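Here is a short briefing on one protein chain. Take a look at the sequence and the structure, then work through the points below.

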Amino acid sequence: LHLYPNNGSKIFGNAPIGHGMAFVHSRDEVKRKYQNIFAQYNGRRETEKYGAGLPCLSSVNLQELHLDFLNNYFKTYSEPCMSVMPSECNLCNKKLDVTSPSSGSMSNYVWNYVDQLSQAIKQTHPEKHISCLAYATFLAPPNSIDKFNENVRVGICYPINGQRDEAELNKFSLLLDQWHKKLTYDSILIYDYFLYSDPKRNKNG
């Protein structure tokens, strides 16, 4: 279910909001030809995990394939935006920032990748945008980027129901303030885990 208050569909489009990178690496011919763009765990490339496989930001081929996909996507469809949200793996974990809290330990690495994509897309499709959800180890904004390009859209994965607790509300408000300072485009999407308060959430997904 996608809910788009404040004309959100005009900002983020109608493509999947999260894990948009799966469109780049999920095809069988890509898995066969580009093993090195997939995440590596215990010396093995994860080409089939979750069906689409898991991408590796450390791959030398991934960004080239990703940009090729984005350029063709924007050339073909009238959508304003496309998700570039990635995953991470053992190779990526070598870039772990141990000086940051766990919610930001991969932020520089992941968001630098997003920033590089945004700069390239700005040259080829200046009217289009890319998006990424702030999540898990890249939930916090990066300290390596002062200001994102105006074509970057950010969503924050956060259980809104937890804000009934004052401490959690203050934590969320601080996170929002930190992100707003980084963004040229000031609107932020909130990806709410609305089933967190449901005792049957594991069954319901």
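Ala136 sits in the loop that links strand S4 (129-134) to S5. This is a predicted model. Start with this loop, then move on to other loops, a strand, a helix pair and the whole chain.

- Is Ala136 buried, partly exposed or exposed? Its relative accessibility is 43%, so Ala136 counts as partly exposed. That value falls between the 20% limit for buried and the 50% limit for exposed.
- The backbone of Ala136 has a phi near 50°. That is a positive value in a residue other than glycine.
- Most residues other than glycine have a negative phi.

**Strand S5 and Ile156**
- Strand S5 covers residues 152-157, and Ile156 is found in it.
- Ile156 has a relative accessible area of 0%, so this residue is buried. Buried means under 20%.
- Which residues does Ile156 touch, leaving aside neighbours within four places in sequence? They are Ala134, Leu139, Phe172, Leu175, Leu176, Trp179, Ile188, Leu189, Ile190 and Tyr191.

- Met106 lies in the loop between helix H5 (90-93) and H6.
- Met106 counts as buried because its relative accessibility is 0%.
- Along the chain, Met106 and Tyr135 are 29 residues apart. Their C-alpha atoms are separated by 10.0 Å.
- Val60 is in the loop between strand S2 (44-45) and helix H4 (62-76).
- Is Val60 buried or exposed? Val60 has 69% relative accessibility, so it counts as exposed. The cut-off for exposed is over 50%.
- Val60 and Asn36 are 24 residues apart along the chain, with 8.0 Å between their C-alpha atoms.

**Helices H4 and H6**
- H4 packs with helix H6, which spans residues 107-124. The axes are 11 Å apart, at an angle of about 40°.
- The two helices, H4 and H6, are therefore oblique to each other. An angle under 35 degrees would count as roughly parallel, and 65 to 115 as roughly perpendicular.
- The crossing of H4 past H6 is right-handed.
- Which residues make the contact? H4 supplies Leu62, Gln63, His66, Leu67, Leu70, Asn71 and Phe74. H6 supplies Tyr113, Gln116, Leu117, Ala120, Ile121 and Thr124.
- By type, the residues of this contact between H4 and H6 are 8 nonpolar, 5 polar and no charged.

**The whole chain**
- How many helices and strands does the protein chain have? There are 8 helices and 6 strands.
- Along the sequence, they follow the pattern α-α-α-β-β-α-β-α-α-β-β-α-β-α.
- The protein chain has 205 residues, and 45% of them are buried.
- Consider contacts in the protein chain between residues at least 6 apart in sequence. Of these, 68% join residues at least 24 apart.

Technical notes:
Residues numbered from 1 in each chain as written. Predicted model: local features only at pLDDT ≥ 70, side-chain atom pairs only at ≥ 80, totals over all residues. Heavy atoms only, no water. Helix = DSSP H or I, 4+ residues; strand = E, 2+ residues; numbered from the N terminus. Buried < 20%, exposed > 50% of the residue type's maximum accessible area, 1.4 Å probe, protein only. Contact = heavy atoms within 4.5 Å. Axes fitted to C-alpha atoms, helices over the stretch in contact; angles between N-to-C directions. Parallel < 35°, antiparallel > 145°, perpendicular 65-115°, else oblique. Left-handed = near helix turned anticlockwise from the far one by under 90°. Nonpolar A, V, L, I, M, F, W, Y, C, P; charged D, E, K, R; others polar.
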